[in-house]
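Subject: Structure for you to look at

Hello,

Here is the structure I promised you. Please open it alongside this note, and my findings follow below.

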Amino acid sequence: MTDISDYYQRIYFHRIENMLADCGCDRMSASLIKKLIQKVRAKQSFGIPVGSNASRILAEALLTDVDKLLESKGLQATRYVDDFRILATNEKEAHSILCNIAEYLMVTEGLSLNTSKTKILEIDDLRKFATKRLDDAFTSREMLEIEEYIRIEYGEDEAEDNDDLKEDASKSLFMTSDQLFDKMDEISSNGLADISIYKAILRALRFLPNIKISRLLSDHKILLYYIPREYCLLIRAALEQNANKSDEVKETLLQLVNETPFSDLTFVRAWVLDLFVRGPLVPAEGDFIGYDFTRSTYEKRYHLLLRGLLNERQFFRSQRTKFSGFSDWEHPCLLLGAMCLPEDEFKTWVDSVSDDIPGTFPKIFSKWLKDNHSRFPDILTEA
C-alpha cells in the first residue's frame, strides 16, 4: 500500500498539456483548462485544486503511465488517484516493486512516494483491516453470507458461468432492504455505532429494490444529521422506485430542516434543498415560507434556482439592473434561474448583464446559456 507525497500540489502544467494531447483533446479546450487552473493557482506553473471532480479526473489520467508500468510487469494492482494497492508474492518482490515505482515517478514526474503511508501487509492482515468495521455490524454467519454472495455475484471459479448459483445469489435473504433496515434497528437499539457502519448500509440500500422509505424517515431520521449526503441520496433512490411517497418525504424533510439539530448544520440544509432543486422532490409555492436562505452561500444559490423552478419571472426581471449586487458565487445560479423568462426576453437579459458575468470565459458561458434556454430543469437534473 502506498501513495504519492503532495501529489496534487506537485503536478506540472506541461504534464497536463501532454496528457490532454494524448487523450485527443483539442488545443482550444486544453488551453482553456490550463488558464482555469492557473487562475485558481495564482498563475503558478504547477499544482491543481484539490477536491473537485475535474481535478480528480486530471489527477487520475496523469498516472496511467504508472498503471501501464505495473501491467507490463504482470502485476495485479488497483489505484484510486494516487492511492495504490499492489499484490506481490513475497516481501522481496514488494520492495523491488516499490523501488521501481519510486524511481519511475522521480525520473519522469519529479514525484516521490509517501513513506509514512507506505506499508507491506500480509493478505490476511489486509483482509482483517478491510472487514473490521463490518464485523462491528454483522454476525459471523451474516459475514459468511456476504462473502458467499460476493463470490457468486462477482464470479469466482465455477460460479462465473453458473446460472443456478447466480439465481441463488439474487434470492439471498441478506441482500434485501428489509434485512438491512432490521440490522440498522439492531445497531441503533444498542446505541449509536461507528457512523461508517450506517454509511455503508445506506449506500448498499440504494442499489436494492423495495426500499422502505417510511422506515428511513421514522426510525432513522437522525442519520440525516450525521450523514446527510448518504441519507438524501438514499431518499432519491427510494423515490425513483416509488414516486407516490413524495408528499410524505417532502412534509417530513421540511419539518426536520426547521428543527434542531438538523437546522443547525448548513450541510444538512443544503442536501435537503438539493432534493428540491435537482429532484425528485418538486417545489411548490409555500414550501419554504419563513425559511432563511441567507444563512449560507449554498442556500443563497439554491434559493435562486428554486425561484427559477417556481417560474418567478417578475423577480428575475427586477434583478437585471442589480446583477452586480450579487456575489460571484451567486451569479451562475441567478443566470440559470432567469431561464424561466421567455426566450427572447432571456437572451436580451443575458446580453444586458454579460459585462458582469464572472469567470474567464463570459462570452462562451453567455452563448451556452442562450443556446440551452429551454433545458433549465434538465440542466439541474444532469448536474
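Strand 1 and strand 3 (residues 83–86) are joined by two bridges and run antiparallel. Thr2 has Phe84 as its bridge partner in strand 3. Please keep in mind that this is a predicted model.

Strand 3 also pairs with strand 2, again antiparallel, over four bridges. There, Phe84 of strand 3 is the bridge partner of Arg79. Together the three strands make an open sheet in the order 1-3-2. As background, strands of a sheet pair through backbone hydrogen bonds, parallel or antiparallel.

Now the turn. Strand 2 and strand 3 form a hairpin, with two residues between them. Val81 sits in that turn. Its phi is positive, near 55 degrees, and Val81 is not a glycine. Is Val81 buried or exposed? With a relative accessible area of 3%, Val81 is buried.

Asn210 is not a glycine either, yet has a positive phi of about 55 degrees. You will find Asn210 in the loop between helix 10 and helix 11 (213–219). Asn210 is exposed, because its relative accessible area is 54% and the cut-off is over 50%. Keep in mind that most residues other than glycine have a negative phi, and most peptide bonds are trans.

- Thr260 and Pro261 are joined by a cis peptide bond, with omega about 5 degrees. Pro261 is in the loop between helix 14 and helix 15.
- Gly279 to Pro280 is also cis, with omega near 10 degrees. Pro280 is in the loop between helix 15 and helix 16.

That brings us to helix 15 (residues 266–277). How far apart are its end C-alpha atoms? They are 16 Å apart. At 1.5 Å a residue, its twelve residues should span 16 Å, so the two values agree. Ten of the twelve residues are buried, so helix 15 is largely enclosed by the rest of the structure. Among the buried ones are Arg269, Trp271, Asp274 and Phe276. Their cover includes helix 12 (223–226), helix 13 (228–241) and helix 14 (246–256). It also includes helix 16 (297–309) and helix 21 (376–382). After helix 15 comes Gly279, with a positive phi near 90 degrees.

Next, the cores. The largest nonpolar core has 69 residues. Leu202, Leu205, Leu224, Ile235 and Trp349 touch the most other members. Leaving out residues up to four places away in sequence, Leu205 touches Ser177, Leu180, Phe181, Met184, Ile211 and Leu234. Another core, of 26 residues, lies apart from the largest one. Ile4, Leu20, Ala59 and Val66 are among its residues. In soluble globular proteins, nonpolar side chains tend to be buried together.

Arg203 lies in helix 10 (residues 195–205). At 38% relative accessibility, Arg203 counts as partly exposed. Which residues does Arg203 contact, leaving aside its neighbours within four places in sequence? They are Arg229 and Glu230. The C-alpha atoms of Arg203 and Leu233 are separated by 8.4 Å, though the two are 30 residues apart along the chain.

Ser366 lies in helix 20 (residues 362–371). Its relative accessibility is 7%, so Ser366 counts as buried. Not counting residues up to four places away in sequence, Ser366 touches Val350, Ser354 and Ile357.

Last, the overall numbers. The chain has 21 helices and three strands. Of its 383 residues, 39% are buried. Among contacts between residues at least 6 apart in sequence, 63% join residues at least 24 apart. The chain exposes about 22200 Å², and carbon and sulfur atoms supply 51% of that area.

Best wishes

Technical notes: Residues are numbered from 1 along each chain as its sequence is written. This is a predicted model: local features need pLDDT of at least 70, side-chain atom pairs count only at pLDDT 80 or more; totals for chains, interfaces and linings use all residues. Side-chain values use heavy atoms; hydrogens and water are left out. Buried means under 20% relative accessible area, exposed over 50%, partly exposed in between (1.4 Å probe, protein chains only). Contact means heavy atoms within 4.5 Å. Accessible areas come from the Shrake-Rupley method with a 1.4 Å probe; for residues, only the protein chains shown count as cover. Two strands pair if DSSP finds at least two bridges between them. A nonpolar core is a set of buried Ala, Val, Leu, Ile, Met, Phe, Trp, Tyr and Cys residues joined through side-chain atoms within 4.5 Å. The expected span of a helix is 1.5 Å times one less than its number of residues.
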